[in-house]
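Hi,

Here is the structure I promised to pass on to you. Have a look at it first, and then read on for my notes.

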Amino acid sequence: MGLFDFFKKDKESKEQQQALDEGLQKTKTSFFDQLSKAVVGKATVDEAVLDDLETLLVHADVGIDTTVKVIDRIEKRVARDKYVNTSELDRILREEIVDLLQDNRASGSSAILDRPDSPGQPFVIMVVGVNGVGKTTTIGKLAHRFHSAGKKVVLGAADTFRAAAVDQLIIWGQRVGVPVISHGMNTDPASVAYDAIKQGVELGADVVIIDTAGRLHNKVNLMNELNKIKRVMQKVIPDAPHEVLLVLDGSTGQNAFLQAKEFTKATEVSALAITKLDGTAKGGVVIGISDQLQVPVRYIGVGEKMTDLQLFDRRTFVNSLFKK
């Protein structure tokens with residue numbers, strides 16, 4: 001890496017950190033203002049402090065089950081260490097949350113940037129999620145991320161039940177500068193996926209990203225549709241898709257968790273992208289969903305810019321959350 005590349009990468013890293021800090025500001029302000037009030041005038045972490053902390057975690061949409069798990073861990077540390085100062089609560093809470101979050105080190109689509117170009121077949125990502133969560137926008141930002149790193153990307157517009165979804169993906173493809181395979185509205189989604197992957201192989205693409213219909217009104221229909229798309233993909237690449245990425249709207253709090261549970265019943269979700277964290281004080285939902293589903297959070301959205309879809313790092317996320 002040359003000196004110019006080093007400074008460019010350092011600048012990009014600082015910009016991403018700033019975007020993350022700003023994107024989590026509502027959650028930080030809501031949570032830590034109340035946490036400070038809960039411990040004011042108290043020297044040690046006692047039962048009253050833990051009760052207040054439990055309430056705060058629930059309000060931050062960490063979720064009941066994960067909140068109970070966090071409180072239980074802290075109670076055990078307090079019992080073991082006998083005397084825990086309230087000034088240490090931030091550090092202890094930070095350590096426990098990092099430990100709960102699924103590790104995301106160089107796996108799945110997060111490792112694409114480190115893969116050699118044209119490894120023989122493209123890495124196929126099937127993207128699922130209900131309408132309105134930012135699914136198509138997330139695909140566009142993912143395409144930008146990979147394309148900017150010099151990777152060949154092909155998009156497949158297989159959400160064929162909404163004309164807006166097809167049109168939006170085509171616009172994103174033009175904006176990013178990558179090809180979009182589309183058969184238009186009310187066509188067979190599996191056929192679109194098949195042609196997109198076939199085109200990806202022919203072009204020597206590194207990544208093929210398939211958009212799918214964002215419906216959850218009938219789990220059986222959804223399961224059948226997604227399974228059909230998978231079967232057709234595998235006619236071209238036997239082990240496709242390599243990642244099923246579920247996109248969730250972080251601003252919906254526990255509704256996002258309920259959607260995640262339904263989608264994991266309908267298909268084998270292997271990674272999560274949680275969007276719109278900049279518009280909510282309920283960023284704790286990231287912690288609860290990752291812990292309860294035991295599925296890694298791959299990406300988080302913290303703003304409107306193309307670069308505001310960030311690769312999720314649990315330590316960076318928690319450190320930003322606790323930064324005052």
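Let's start with a bridge: in strand β7, Y299 is the bridge partner of A273. This belongs to a pairing of strand β6 (residues 271–275) with β7, which run in the parallel sense over three bridges. Strand β7 itself covers residues 297–301, and five of its five residues are buried. Please keep in mind throughout that this is a predicted model.

Now for the overall picture. The chain holds 12 helices and eight strands. Of its 324 residues, 50% are buried. The accessible surface comes to about 14600 Å², and carbon and sulfur atoms account for 51% of that. If you take the contacts between residues at least 6 apart in sequence, 77% of them join residues at least 24 apart.

The helix I would look at next is α4. It has 18 residues (64–81), which at 1.5 Å a residue should span 26 Å; the end C-alpha atoms are 26 Å apart, so the two values agree. Which residues of α4 are buried? They are T66, T67, V70, I71, I74, R77 and V78. Viewed down the helix axis, these buried residues fall within an arc of 130°, so they line one face of α4.

The buried residues of α5 are L89, D90, I92, L93, E96, I97, V98 and L100.

Next, the core. The largest nonpolar core has 98 residues, and those with the most contacts inside it are L53, I125, F146, I209, M233, I289 and F317. What does L53 touch, once its neighbours within four places in sequence are left aside? L53 is in contact with F31, L35, I71, I74, L89 and L93.

Finally, a few spots in the backbone deserve a look.

- A240 and P241 are joined by a cis peptide bond, with omega about -5°. P241 sits in the loop between α9 (219–233) and β5 (243–249).
- K276 is not a glycine, yet its phi is positive, about 60°. K276 lies in the loop between β6 and α11, and at 34% relative accessibility K276 counts as partly exposed.
- Q294 is not a glycine either, and has a positive phi of about 55°.

Enjoy exploring it!

Best wishes

Conventions
Residues are numbered from 1 along each chain as its sequence is written. This is a predicted model: local features need pLDDT of at least 70, side-chain atom pairs count only at pLDDT 80 or more; totals for chains, interfaces and linings use all residues. Side-chain values use heavy atoms; hydrogens and water are left out. Helices (H or I, at least four residues) and strands (E, at least two) are DSSP runs, numbered from the N terminus. The expected span of a helix is 1.5 Å times one less than its number of residues. Buried means under 20% relative accessible area, exposed over 50%, partly exposed in between (1.4 Å probe, protein chains only). The arc is that of the directions from the helix axis to the C-beta atoms. A nonpolar core is a set of buried Ala, Val, Leu, Ile, Met, Phe, Trp, Tyr and Cys residues joined through side-chain atoms within 4.5 Å. Contact means heavy atoms within 4.5 Å. Accessible areas come from the Shrake-Rupley method with a 1.4 Å probe; for residues, only the protein chains shown count as cover. Two strands pair if DSSP finds at least two bridges between them.
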